[in-house]
Amino acid sequence: MTEVITAESEGLKQATALPGEGDLDLRGLVKRYGKNTVVDHLDLTIPSGQLFALLGPSGCGKTTTLRMVAGLEHPDEGQIHLSGTDITQLRTFRRPVNTVFQSYALFPHLTIFENVAFGLRERRKKDIKAKVSRILETVELQAMAHRKPAQLSGGQQQRVALARALVNEPQVLLLDEPLGALDMKLRRQMQYQIKQIQNELGLTFLHVTHDQEEAMTMADKIAVMNNGRIEQMGAPEELYESPRTAFVANFLGSSNLLEGEVRGTDGDVVVTEVVGQQVRVPKDRVHSAHQSVFVGVRPEKIHVVEHGTAPDPSENEISGIVLDSSFIGIGTEYVVTVAGSFEPMKAFVQNRSAGARLAPGTPVSLRWQIPFTFALDGHEDPHAGEGSAVGPATGHISVDADEMSARAKHGPRK
Amino acid sequence: MTRETAQRPVSQLNYSPKRERISGFFGRHIIRVIGALATVYLLLPIAVIIVMSLNKPAGRYNFTFNEFTLDNWTNMCGPYGLCSSVTLSLQIALAAAVAATVIGVLAAYSLSRFRFRGHGSANILVLLPMTMPEVVLGASLLTLYVNVGIPLGPLAILLAHIMFCISFVIIVVKARLAMLDANLTEAAADLYATPWRAFKRVTLPLAAPGILAGAVLAFALSFDDFIITNFNSGNAMTFPMYVWGAAKRGVPPQVNVIATVIFLIVMVLAVTMSIVATVRENRSR
């Protein structure tokens with residue numbers, strides 16, 4: 001394995017051990033198709049050795065970005081630097097990056113061995129047999145070396161595509177929705193396997209996906225993309241716990257966003273008024289330049305208590321009436337109407353304590369720790385990014401049906 | 001729904017024992033009968049050619065079966081000019097097939113892989129020679145040759161054949177290329193293959209069946225062509241022209257022998273290819 005780690009680059013001769021060596025750096029990238037700006041002045045630095053995910057709904061420009069790094073698309077503006085060298089003008093076959101295509105794009109007329117050996121042969125490498133055998137071992141496909149791609153299952157083909165790219169020891173491995181065609185169980189396995197291979201080899205992976213769960217499971221760092229721009233970038237926990245835009249708040253998991261007004265500050269917290277009740281937000285979690293804000297909290301942070309329970313000063317509290325509840329095994333989802341808000345609030349209560357579910361019509365208090373509260377720009381669309389997330393994420397709440405009925409009742413809100 | 005059906009009297013159901021017997025018979029045999037008839041219809045002319053190649057004609061015309069003989073086969077080149085016309089046709093067909101295939105493959109590749117100005121019109125223009133009536137094409141070619149000063153004869157024939165064969169090669173190869181995943185060339189480029197290497201190692205082998213089909217088609221079209229050739233041959237005589245000329249005096253049975261030989265060669269090639277394909281599939285399984 002050690003030999004694989006010593007990545008050597010053919011296309012680029014560079015001084016060794018520069019700071020930022022192996023970093024992939026995108027500066028002001030723009031790509032237009034006709035009048036459509038698909039990638040809009042994108043700035044992004046992907047540090048060497050990371051598994052970096054570009055996450056966004058289809059059409060957000062993430063695949064175009066990846067293809068520009070691979071050299072398969074040419075940017076209209078901006079530069080791409082790899083290890084400090086400008087590769088913007090370098091043609092695809094000279095770039096020290098390799099791609100795992102969404103369709104795998106395995107050569108149907110070549111055996112698995114020859115598919116994997118393709119890049120090595122093109123660069124006239126030595127010890128092709130040993131290198132190919134070793135990488136096939138890594139992806140557990142030695143036995144399939146002499147078969148043709150059509151004789152392999154989808155998951156096996158996926159691993160061949162991975163091996164075919166990895167065997168070249170690229171400075172950056174590009175993965176374009178690599179698990180999209182696999183079923184749920186296999187996808188989980190592959191997520192784990194890819195993550196492990198990345199750890200072992202220490203290569204930089206740029207992973208493009210629309211699956212927020214996949215991105216959070218695998219990536220060291222995620223950039224959430226929307227409309228050709230990066231909405232927010234950070235570690236999965238950071239994005240999830242402290243979203244800066246409504247899009248991120250809704251696209252990763254789900255969020256309660258309630259209209260509110262900033263009323264003042266009290267030490268480290270900003271005091272807001274939401275539906276006539278006071279809600280405190282930590283200062284560093286307020287991302288709005290305006291008085292009007294959306295105050296947000298994730299459904300699973302909330303605990304639902306019957307009205308009249310003694311309040312806790314370390315918690316925010318909003319009272320409402322249970323509209324609906326559904327038991328989903330690991331917990332209960334509550335939909336709670338709040339006086340003064342068109343949107344009901346969602347709360348997810350873990351199945352940890354005995355006792356009956358709260359019946360619809362019960363007056364309740366929704367309570368959560370102040371540090372879980374965040375505030376977003378009040379001019380945003382509070383529904384941005386909703387419904388574009390995929391997969392019924394276990395542990396996350398999805399009350400789309402309720403929202404639909406609520407919206408149908410009250411009409412679209414802006 | 002089901003209850004209603006059950007309550008309906010049996011006589012009203014869409015069922016009678018007699019009808020079932022007939023439809024059963026047809027269901028089992030009608031397709032075979034039609035298939036057999038169609039096959040006979042297709043192969044009968046060839047059968048006649050083969051049979052008549054073994055005939056000893058009573059007079060000048062080889063129209064009725066008179067007497068069995070192998071003379072025509074042992075004395076293939078008997079009639080004056082027959083074998084030299086076959087040789088010329090084979091030479092022209094081979095050269096035309098090779099040239100048309102090379103040009104046609106390149107054209108098909110660029111038409112299917114690149115978008116350039118005039119792409120749409122080029123797509124249509126390359127097919128034009130195919131849609132033109134051959135008589136018109138032949139006549140206008142004659143005018144062209146005379147004006148440009150190209151002597152009529154084998155070269156003029158070859159140039160004409162290459163021209164009309166290209167369209168067919170383009171159609172066949174383009175259809176094959178359209179079936180290939182466009183990502184494959186990108187994958188090759190991503191794996192350090194220059195555009196030429198990608199073409200050679202990925203596109204070409206995958207398009208090979210289409211290219212071969214195009215080449216065979218071009219060969220057959222050229223070998224077979226009479227109308228255009230007739231305008232531009234000068235003194236040269238191709239096999240179709242020999243047959244045309246001989247028809248006026250009575251076609252010698254050796255023509256049937258030549259036709260039978262060609263048929264047998266094609267059959268052997270087809271059978272070999274299908275055997276090779278089967279073997280290859282079994283081996284890779």
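Helices here are DSSP runs of H or I with at least four residues, strands are E runs of at least two, and both are numbered from the N terminus. Hi everyone, with that settled, let me start with the end of one helix. In chain A, α3(A) is followed by Arg124(A), and the phi of Arg124(A) is positive, near 50°.

Some housekeeping. Residues are numbered from 1 along each chain as its sequence is written, and chains are lettered from A and ligands numbered from 1 in the order in which they are written. This is a predicted model, in which local features need pLDDT of at least 70 and side-chain atom pairs count only at pLDDT 80 or more, while totals for chains, interfaces and linings use all residues.

Chain A averages 85, and 88% of its residues score at least 70. Over residues 1–19 of chain A the pLDDT stays under 50, and the model gives that stretch 26 contacts beyond four places in sequence. Residues 389–414 of chain A are also below 50, with 30 contacts in the model beyond near neighbours in sequence. By contact I mean two residues whose C-beta atoms, placed from the backbone, lie within 7 Å.

Chain B averages a pLDDT of 86, with 90% of the residues at 70 or above. Confidence in chain B is lowest in helix α1, residues 2–7, at a mean of 45, and highest in helix α9, residues 183–190, at 94. Residues 1–6 of chain B stay under 50, and for them the model has zero contacts beyond four places in sequence. Where pLDDT is low, the predicted coordinates should not be read in detail. For the model as a whole, the scores are ipTM 0.78 and pTM 0.75.

On to the fold of chain A. It has 10 helices and 21 strands. Of its 414 residues, 44% are buried. A residue is buried if 20 or more other C-beta atoms lie within 10 Å of its own, exposed if 12 or fewer, and partly exposed in between, with C-beta atoms placed from the backbone. Take the contacts in chain A between residues at least 6 apart in sequence: 69% of them join residues at least 24 apart.

Back to α3(A), then. How many of its 11 residues are buried? Nine are, so the helix is mostly covered. Among the buried ones are Phe113(A), Ala117(A), Leu120(A) and Glu122(A). What covers the buried residues includes β6, α4 (128–138) and α5 (154–166) of chain A, together with α10 of chain B.

Let's look at one of those partners, α5(A). Two packed helices are described by the angle between their axes and the distance between the axes. The axes of α3(A) and α5(A) are 7 Å apart, at an angle of about 30°. Axes are lines fitted to C-alpha atoms, for helices over the stretch in contact, and angles run from 0 to 180 degrees between N-to-C directions. That makes the two helices roughly parallel to each other, since angles under 35 degrees count as roughly parallel, over 145 as roughly antiparallel, 65 to 115 as roughly perpendicular and the rest as oblique. From α3(A) the contact uses Ile112(A), Asn115(A), Val116(A), Phe118(A) and Gly119(A), and from α5(A) it uses Val160(A), Ala163(A) and Arg164(A). Those residues divide into five nonpolar, two polar and one charged. In this scheme Ala, Val, Leu, Ile, Met, Phe, Trp, Tyr, Cys and Pro are nonpolar, Asp, Glu, Lys and Arg are charged, and the others, Gly among them, are polar.

Now the interface. In all, 17 residues of chain A are in contact with 16 residues of chain B. On the chain A side, β6 (97–100) and α3 (112–122) each supply at least two residues, and α3(A) gives the most, with three. By class, that side has eight nonpolar, six polar and three charged residues.

Between β6 and α3 of chain A there is a loop, and His109(A) is found in it. Leaving aside neighbours within four places in sequence, His109(A) is in contact with Pro205(B) and Leu206(B).

Last, chain B. The axes of α9(B) and α10(B), residues 195–224, come within 10 Å and cross at roughly 135°, so these helices are oblique to each other. Thanks, everyone!

Terms used:
pLDDT is the predictor's confidence in each residue, from 0 to 100.
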